[in-house]
Amino acid sequence: MRTATTLSVLASIGTASAFWRMECRGRVGLARIDPLITPGEASAHVHAIHGSSGFSADATYEDLHNADCTSCGVVQDKSAYWAPVMYFRHEDGQYELVPQIGGMLAYYFLNVDAGNPDSGVKAFPNNFRMIAGNAMRRNFSIGSLSYKDADPEKSIWAKLGQTTQADLAQRAIGFNCLNYHKLAEGALMRHYLPEKDYLDGNCADGVRIELAFPSCWNGKETDVPGHTSHVAYPDLVTNGACPKGFETKLPGLMYETIWATNKFAGVAGQFVLSNGDEQGFGYHGDFISGWDEDFLQNAVNTCTNKSGKISDCPLFTLIDEDTQRECKMKVPSFLAKEKVDGFVGKSLPGNVVVQYGPEPAVANPRPAASQATSHVPVPTVSYQPGVTSLNLPGGVFKEKPTSTTSEEQVKISALAAPAPEPESESETSSTPSPTPAPAPIPSDPPVPEGYELVRTEYHTNGKVVSKVIVIETVQYVTLTTETLTVTATLGAGNARRELNHLHRHRHLHGHGHGAH
Ligand SMILES: *[C@@H]1O[C@H](CO)[C@@H](O)[C@H](O)[C@H]1NC(C)=O
Ligand SMILES: *[C@@H]1O[C@H](CO)[C@@H](O)[C@H](O)[C@H]1NC(C)=O
């Protein structure tokens with residue numbers, strides 16, 4: 001039995017602004033529903049849905065606000081939060097849902113408009129609706145930058161002419177490589193989903209997808225056709241100054257969901273978002289406020305404890321994690337039989353076709369012959385630990401065994417974790433291998449110091465046989481058992497590059513030292 005605990009890894013420099021972190025441990029539904037884009041009918045692709053149980057294909061504010069329950073942690077929050085999910089396409093073409101870890105976090109940043117700081121932060125009006133991101137986008141284009149380039153310093157974005165709304169929207173998406181043995185990456189630093197080899201080699205605890213919403217409002221409509229033109233980003237995405245015409249500052253929403261890509265380490269295949277996007281440029285999210293506006297305004301004004309914990313806001317009525325998870329929406333009858341969890345067949349739900357850019361995806365493409373196995377190589381940047389100029393707390397979910405350590409201990413040991421060794425680029429960058437030579441049988445990887453060999457297992461996937469050596473150590477300091485799996489891949493042909501890899505992948509997320 002494991003329980004997810006929120007761990008806040010301090011990644012901000014300078015003054016921290018007030019915020020709170022709405023925890024939504026439960027997923028209220030997993031379905032092709034989107035009341036903003038396709039009211040009343042099935043939506044194009046699957047979403048992970050969090051929040052009010054009153055969610056439906058044509059949910060009204062009253063449906064949401066008066067619902068019995070929410071899968072989030074505060075009784076008064078009956079909002080709806082939804083975003084695409086991630087699937088894994090196995091080598092044989094079967095798609096499998098990538099497990100989502102810990103539900104979702106919705107940050108409410110209470111940053112004021114830097115150009116107009118005295119006007120404060122205005123609560124979302126009842127039934128406020130908006131979308132961040134663009135499901136059809138298939139490229140990254142900011143100036144002459146390549147998507148793999150690191151962002152320039154925030155302070156020079158304006159000088160570089162990189163503060164158009166289109167630019168900011170692309171920087172509002174982040175794919176954070178999680179490895180709890182290393183310093184945490186900064187939020188919103190990488191704007192594409194790294195390729196599978198990179199994830200296998202570096203992201204031992206999966207990927208956290210981040211999405212910041214626009215937080216400057218025109219002060220008029222609660223929604224508009226298209227659901228985006230009534231809002232805009234401040235010029236530093238999550239903070240900064242609001243553009244002209246959008247001077248009403250709203251709470252800055254940011255969604256975070258974690259996907260267990262590590263579960264597929266060493267398994268041949270490809271990750272893809274449910275909207276048919278392998279690179280992540282088309283990641284997006286939707287929001288309907290189900291709060292009572294007056295209550296939310298009161299919370300915005302008074303819930304300013306720097307901890308960001310909802311438990312430090314005296315106005316909120318809290319809901320325990322199990323109760324959050326029990327809250328479910330009604331799946332409409334026209335979707336009741338659709339398989340969206342586990343293995344879902346040889347096409348994405350909704351028969352979504354994987355489309356590559358740079359031109360935008362189209363709604364009903366002719367079946368593409370290239371779909372089955374084509375793979376866009378995604379160049380990678382190296383692991384980017386810790387330091388960030390973003391004024392973000394960069395909270396993460398971290399799983400830990402129940403009742404062994406307190407959150408405080410976790411925090412201390414995570415912060416005390418050894419500085420990461422940069423991964424060698426040559427391990428993950430793809431140099432073309434013209435003639436796959438028969439692979440030599442690699443010798444077992446060394447058992448790291450401080451671990452003991454527990455057992456050896458063999459896993460077969462197609463032509464590739466993996467020998468998995470399970471080693472364990474007991475962390476006496478924190479009384480946590482930690483399991484580290486080291487995989488050496490045996491096999492031929494296309495598995496060649498993996499031979500050099502040690503796939504490390506932790507089952508129980510302990511913490512502290514010992515893995516390096
Ligand atoms: C913030 O919350 C902590 C508990 O997490 C409490 O000890 C502290 O007094 C609070 N600070 C303020 C300013 O209310
Ligand atoms: C890049 O994507 C945007 C948004 O979908 C689109 O308007 C633009 O035409 C695309 N660029 C290219 C070169 O296709």
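Where is asparagine 351 found?

Mentor: Asparagine 351 is found in the loop between β18 and β19; strands here are DSSP runs of E with at least two residues, numbered from the N terminus. This is a predicted model, in which local features need pLDDT of at least 70 and side-chain atom pairs count only at pLDDT 80 or more, while totals for chains, interfaces and linings use all residues. Residues are numbered from 1 along each chain as its sequence is written, chains are lettered from A and ligands numbered from 1 in the order in which they are written, and side-chain values use heavy atoms, with hydrogens and water left out.

Asparagine 351 is not a glycine, yet its phi is positive, at about 50°. Its relative accessible area is 58%, so it counts as exposed (exposed is over 50%, buried under 20%, partly exposed in between, with a 1.4 Å probe and protein chains only). Histidine 227 also has a positive phi, near 65°. Histidine 227 lies in the loop between β12 (216-217) and β13 (231-232), and its relative accessibility of 12% makes it buried.

The loop between β18 (343-345) and β19 (396-401) also holds proline 358. The peptide bond leading from glycine 357 to proline 358 is cis, with omega near 10°. As background, most peptide bonds are trans, and most residues other than glycine have a negative phi.

Proline 358 is one of the residues around ligand 2, with Arg137, Asn139, Glu359 and Pro360 (a residue counts as near when one of its heavy atoms lies within 4 Å). By type, this shell divides into two nonpolar, one polar and two charged residues; Ala, Val, Leu, Ile, Met, Phe, Trp, Tyr, Cys and Pro count as nonpolar, Asp, Glu, Lys and Arg as charged, and the others, Gly among them, as polar. The polar contacts to ligand 2 (N or O pairs within 3.5 Å) include a polar backbone atom of proline 358, 3.3 Å from a ligand oxygen. A polar backbone atom of glutamate 359 lies 3.4 Å from an oxygen of ligand 2, and a polar side-chain atom of asparagine 139 lies 2.4 Å from a ligand oxygen. Ligand 2 taken alone exposes 360 Å², of which the protein buries 53% (Shrake-Rupley areas, 1.4 Å probe).

Next, the sheets. One open sheet has five strands in the order β3-β4-β5-β17-β9, paired antiparallel (pairing requires at least two DSSP bridges). Its edge strands, β3 (29-31) and β9 (129-133), each pair on one side only. β9 is joined to β17 (residues 284-288) by five bridges in the antiparallel sense, and isoleucine 131 has aspartate 286 in β17 as its bridge partner.

Elsewhere, strand β11 (residues 207-212) has six of its six residues buried, so the rest of the structure largely encloses it. Val207, Ile209 and Leu211 point one way, and Arg208, Glu210 and Ala212 the other. β11 runs antiparallel to β10 (residues 173-177), with five bridges, and asparagine 176 stands opposite arginine 208. β11 also pairs antiparallel with β15 (residues 252-259) over six bridges, where isoleucine 209 stands opposite threonine 257.

Notes
Helix = DSSP H or I, 4+ residues; strand = E, 2+ residues; numbered from the N terminus. Polar contact = N/O pair within 3.5 Å; in protein donor to acceptor, adjacent residues only side chain to side chain.
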